[in-house]
Amino acid sequence: MKALLAFARAVDRVNELIGKVFAWAILAAILVSAGNAIIRKAFNMSSNAWLELQWYLFGAAFLLAAAYTLKQNEHIRVDIVYGMWSRRTQHWIDLFGHVFFLMPFVLLMIYYFWPYFLLSYRNGETSSSAGGLLIWPAKSLLLIGFVMLALQGVSEIIKKIGVIRGLIPDPVPFVSAHEAAELEGSATAEDLRP
């Protein structure tokens, strides 16, 4: 189990780095979008390549940060139902969801995106828009995003088993939205006191 936990920590570090780096792609997409709009209005010029670049940047941020979001335990769930259970039961629910829902989905996506990307790469697929960009790099982002999400899913499964067996502490204790709001309110009240 020690080797598996070491693997999980390595995957966590890689996805944390990727998530933090590609979060900046949102800013880059905003700058490209703003620059494109300014050039179009000021100089009556436009470029499909710039428009597609902003889509690529946004897609990269979304796809490559998905694994980071899972690692941070920020994915969507129904907290009202989830919060009713003990933390141990929540770990079992997470483990069940990762094994029977997340992993089959991401593995299926990898299975379908590999030939989708490969065909595009081999054909040198480009945009059908005049002056557009290559398409295969965007398709590679789909594949890479799901591979990283699959690796993070394996990491989460390993960590859940480790927590359930008492081998490691809970890496991300669950705090319901209500509890988070109460904690934030208390902290703000403390900050405002003279």
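This is a predicted model: local features need pLDDT of at least 70, side-chain atom pairs count only at pLDDT 80 or more; totals for chains, interfaces and linings use all residues.
**Entry 1: the annotated spans**

I started with the record. The unreviewed UniProt entry annotates "transmembrane region" at residues 21-43, 55-71, 92-114 and 134-151. I looked up two of these spans in the model. Residues 21-43 are 100% helix and 0% strand, and their end C-alpha atoms lie 33 Å apart. Residues 92-114 are also 100% helix with 0% strand. Here the end C-alpha atoms are 32 Å apart.

**Entry 2: H6 and H5**

Next I went to H6, which runs over residues 136-164, and asked how it sits against its partners. With H5 (87-123), the axes come within 8 Å and cross at roughly 155°. The cut-off for roughly antiparallel is over 145 degrees, so H5 and H6 are roughly antiparallel. I noted the crossing as left-handed. Sorting the residues of this contact by class gave me 26 nonpolar, five polar and six charged.

**Entry 3: H6 and H1**

Then I turned to H1, residues 2-43. Its axis is 9 Å from that of H6, at an angle of about 140°. That angle makes the pair oblique. This crossing is left-handed. On the H1 side I listed Leu 4, Leu 5, Phe 7, Ala 8, Val 11, Asp 12, Val 14, Asn 15 and Ile 18. From H6 come Met 148, Leu 151, Gln 152, Val 154, Ser 155, Glu 156, Ile 158 and Lys 159. By class, I have eleven nonpolar, three polar and three charged residues in the contact.

**Entry 4: H6 and H2**

Which way does H2 run relative to H6, parallel or antiparallel? The axes of H2 (residues 48-64) and H6 come within 9 Å and cross at roughly 10°. Angles under 35 degrees count as roughly parallel, so that is what I wrote down for H2 and H6. H2 brings Tyr 56, Ala 60, Leu 63 and Leu 64 to the contact. H6 brings Ala 138, Leu 141, Leu 142, Ile 144 and Gly 145. My tally by class is eight nonpolar, one polar and no charged residues.

I wanted to see where a lysine in H6 ends up. Lys 160 lies in this helix. Is Lys 160 buried or exposed? Its relative accessibility is 8%, so Lys 160 counts as buried. Leaving out neighbours within four places in sequence, I found Lys 160 in contact with Arg 87, His 91, Asp 94, Leu 95 and His 98.

What does His 98 touch, not counting residues up to four places away in sequence? The list is Leu 70, Met 103, Pro 104, Glu 156, Ile 157 and Lys 160. I also checked the spacing to Glu 156: 58 residues apart in sequence, but 7.7 Å from C-alpha to C-alpha.

**Entry 5: Leu 133**

I moved on to the loop between H5 and H6, where Leu 133 is placed. Leu 133 is partly exposed, at 25% relative accessible area. Beyond its neighbours within four places in sequence, Leu 133 contacts Ala 49, Glu 52, Leu 53, Tyr 56, Thr 126 and Ser 127. Tyr 56 had already turned up in the contact of H2 with H6.

**Entry 6: two asparagines with positive phi**

Last, I looked at backbone angles. Asn 44, in the loop between H1 and H2, has a positive phi near 55°. Asn 73, in the loop between H3 (66-71) and H4 (79-82), has a positive phi of about 60°.

Asn 73, at 16%, counts as buried, since the cut-off for buried is under 20%.

Notes
Residues are numbered from 1 along each chain as its sequence is written. Side-chain values use heavy atoms; hydrogens and water are left out. Axes are lines fitted to C-alpha atoms, for helices over the stretch in contact, and angles run from 0 to 180 degrees between N-to-C directions. Helices (H or I, at least four residues) and strands (E, at least two) are DSSP runs, numbered from the N terminus. Angles under 35 degrees count as roughly parallel, over 145 as roughly antiparallel, 65 to 115 as roughly perpendicular and the rest as oblique. Contact means heavy atoms within 4.5 Å. Ala, Val, Leu, Ile, Met, Phe, Trp, Tyr, Cys and Pro count as nonpolar, Asp, Glu, Lys and Arg as charged, and the others, Gly among them, as polar. Buried means under 20% relative accessible area, exposed over 50%, partly exposed in between (1.4 Å probe, protein chains only). UniProt positions are given in the numbering used here, feature names are shortened, and annotations may be inferred rather than shown by experiment. A crossing is left-handed if the near helix is turned anticlockwise from the far one by less than a right angle, and right-handed if clockwise.
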